[in-house]
Each structure stands twice: as C-alpha cells, then as structure tokens.
Amino acid sequence: MKADDLQALKDAALTDACAAQTVEDLEKIRVKHLGRKGLLPEIMKSLKDADPAERPAIGRIANELKQELASLLESRRAAFQAQTACQTQAFDDTLPGQWRPLGTRHPISQIIEEAVRIFATLGFTVADGPDIETEYYNFDALNTPGNHPSRDTQDTFWLESGELLRTQTSPVQIRVMEEQKPPVRIIAPGRCYRRDTTDATHSSNFHQIEGLYVDRDVSMADLKSDISYFARQMMGPDVKVRFRPHFFPFTEPSVEYDFSCHVCGGKPALAGRGCRLCKNSGWIEISGAGMVNPKVFEKVGYDPETTTGYAFGMGVERIAMVKYSIQDIRLLYDNDIRFLRQLSG
Ligand code: PHE
C-alpha cells in the first residue's frame, strides 16, 4: 500500500459518505471502512510490510481516514435522524382523517328528476324558459290582460325594464307552441316567483312543473288519466286523485287537483288526534290544470277548431311536502344538513 493510494481511498470514502442518502447507506460505508473486517484494520495490519519511508505518511493518512470518516458519518447520521423527527412531527398518521361529507341531491331536485322520468314514459320531453319573463309571455299570451283580476293574486317582482320574474311556468307553454307545430308533449320544471309573504306553506320563490299536451282529440279524460298515473308513480299505488272545478284564464274548463293525504292515508279521523299535514281534510292541493283555452291557441297561431290540448302546473314543494311529510316549506330552503340528510336519495 502506497501513501498516494491510501489518500485516494480516503478521498473516495469521504465522498461516498457525503453522497449517502440514508442511514443504512452510512452504516454500509462505516462497516466497509471502519468495521472489524473493514479496510482500515487491514491497512494497519499491512503497515509493517510497507516501505519504511512511506510508513509515517501511511499511518497519518490512515488515522485521518478513521477520524474524519467517523465524524462525517456521525454528523450525517444525526442530520438524517433530525429530518425524520421533523417529518414525523409534521405528519402524525395516528390522527383521524378529515371528514368530507358526501352531498346529496336536494329534495326539490329529486322530485323534479322523478317527475321528468315519469312523464318521459308517457312521451314527454323537457322544455325550458327564462326566469325573467316579459309581461306578454307571463300574462297577455295566457289570456290574462292587464285589467284581469287574476293578475292581483300573482303579483311579483318587476324589473325597471318592464320585465318580471315569472309567476308561473305557464309562459313556457307559449314559447314552445310558438316554436313548433302540434303535436306537442312537454314538461317544463323551473323556478317561479310571487310577492307572497313567507309562512309554513308559502315562499316568494318556489318551483312548478308545467305540462302541455296538444294534438287532435285530446280530452279531459287524457288529463285525468295522465295526472292519476303520475300520482301513483310518484306517491305509491294507493294514492287517490280528486279534481275540482276551478278557473284559470288560459284553460277552459279548468280544475284544481288534490292528492289524498300521504300521512293519514286520506282518513284523518283514523289518525288519532287528526292530521296536521292535510289539516283534517284528507286531501292536499297539488295545483291547477285544464283544457287549453282556444284563445291561447289563437295567440300562437294554432287552429282552435282542430287543435285540442291539456295543460297542468304542479307545485314541486307541495309534492315534496306530501311525499316526505314535511310540515313547513321553509325547511326546504334552510339548507340544514340534518334535515336534508334524512331525505337523501
Ligand atoms: N299556472 C297556474 C298556476 O300557477 C297553474 C296551471 C297551469 C293551471 C296550467 C292550468 C294549466 O296557478
């Protein structure tokens, strides 16, 4: 062994120690050089055979190798350990994970999606119209001129432009009929607005599902059977539907229809202290319907002599309240997760 070779070996050992990536690497380098069967003890053993002139230099370099390598390995090992300690502190894998609640579809969306599905089986497609409507589409085209008393019950939010937030989804009927010739078979779910004071059954912003079926020879029997089919699909096979005479300017004749109360099964007298949901009447009003008024057909350019059709508009909140036995409409808008989670579907 020559002094120069040993110097090169020492430099290589220190370089290796600097390049080590793990505590295990450091240990391997230590064993290889400083271990009992390592290079250093061998060099010391071979010292006696070395050239006497080189011996002091070899001894000195061997000593340096031992000390410098040992201290370098030790300081790097301490640094690795400190780093691991920091990482362990920053990430404590014994802590519980973050809870991210899974959202659910809002009950109003659930009712709308279910209604769309049910009417799709009868051949209805979905139509849409704007929330900000003109007075013409919301009222005039629906045979409700400016002096008509029924406008009073549908006061709403007017914009400075003269437009208004639609009070009903019925203007979608007009928009669809202007765009296409009969036959027409659409439903139009959406938001409506009225200047109603909020209470347990009223909200100034609510939802309706409009339906319109126009063809030849459409009759009241079609209306009654389709609404009854819908009611059974939505509420269950035992629900009963009641049609009562009513008035709407854009249908003639007109009806309002009720579903039998879901909570008392239409028999409030049997429900112990009575039924709060239907207020002991056994029925829940769902909304209005009727045969499309020929005056509306005239407005959209359909021939009122040969064209017949029915229309209905139902309150989505009403259906949700009956279906889920909700006593107060405001629960649907409070966004209280404890309430909404019970209706998740
Ligand atoms: N638009 C009416 C309302 O909001 C309901 C309705 C729709 C009545 C279609 C008849 C036909 O009260």
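Helices (H or I, at least four residues) and strands (E, at least two) are taken as DSSP runs and numbered from the N terminus. The structure is a predicted model, in which local features need pLDDT of at least 70, side-chain atom pairs count only at pLDDT 80 or more, and totals for chains, interfaces and linings use all residues. Residues are numbered from 1 along each chain as its sequence is written, and side-chain values use heavy atoms, with hydrogens and water left out.

The protein has 11 helices and nine strands. Its radius of gyration, taken over C-alpha atoms, is 42 Å, well over the 20 Å that the globule rule (2.2 Å times the number of residues to the power 0.38) gives for 345 residues, so the protein is more spread out than a compact globule. The C-alpha trace spans about 130 × 55 × 40 Å along the principal axes. Of the 345 residues, 41% count as buried, where buried means under 20% relative accessible area, exposed over 50%, and partly exposed in between (1.4 Å probe, protein chains only). Contact means heavy atoms within 4.5 Å. Among contacts between residues at least 6 apart in sequence, 69% join residues at least 24 apart.

Pockets were located on a 1 Å grid over the protein atoms alone; a pocket is an open set of points where a 1.4 Å probe fits, with protein on both sides within 12 Å along at least five of seven lines, and lining residues have an atom within 4 Å of a point. Grid points are joined across faces, edges and corners, and a volume is the space filled by probe spheres set on the points. The largest pocket has a volume of about 770 Å³. It is lined by 39 residues, of which R194, F206, Q208, E285 and S287 are the closest to its centre. Two or more lining residues come from each of β5 (205–215), β6 (241–248), β7 (251–260), β8 (283–292), β9 (308–315) and α10 (316–324). Strand β8 gives the most, with six residues. By class, the lining divides into 13 nonpolar, 19 polar and seven charged residues; Ala, Val, Leu, Ile, Met, Phe, Trp, Tyr, Cys and Pro count as nonpolar, Asp, Glu, Lys and Arg as charged, and the others, Gly among them, as polar.

The second largest pocket holds about 290 Å³ of space. Of its 14 lining residues, T201, L277, K279, I284 and M321 are the closest to the centre. Both β8 and α10 supply at least two residues of this lining, which comprises eight nonpolar, two polar and four charged residues.

Helix α7 (residues 171–179) has P171, V172, Q173, I174, V176 and M177 as its buried residues. These pack against β2 (132–133), α6, β4 (184–193), β5, α9 (294–299) and β9. Q154, in the loop between α6 (135–138) and β3 (164–165), is buried at 13% relative accessibility. Leaving aside neighbours within four places in sequence, Q154 is in contact with F139, T167, Q168 and R194; R194 is also among the residues closest to the centre of the largest pocket.

L343 lies in the segment after α11 (337–342) and is buried, at 11% relative accessibility. Its C-alpha atom is separated by 9.3 Å from that of Q110, 233 residues apart along the chain. Not counting residues up to four places away in sequence, L343 touches P107, Q110, Y324 and I326.

A search of the whole structure finds zero disulfides, a disulfide being a pair of cysteine sulfur atoms within 2.5 Å. The sulfur of C261 is 3.7 Å from the closest cysteine sulfur, in C275, which is too far for a bond. C261 is buried, with a relative accessible area of 1%.

Several backbone features were also noted. A cis peptide bond joins P182 and P183, with omega about 0°, and P183 lies in the loop between α7 and β4. Another cis peptide bond joins E252 and P253, with omega about -5°; P253 is in strand β7. D217, a residue other than glycine, has a positive phi near 60°. This residue lies in the loop between β5 and α8 (220–235) and is exposed at 71% relative accessibility. N335, likewise not a glycine, has a positive phi of about 60°. The loop between α10 and α11 contains N335, which is exposed, with a relative accessible area of 56%.
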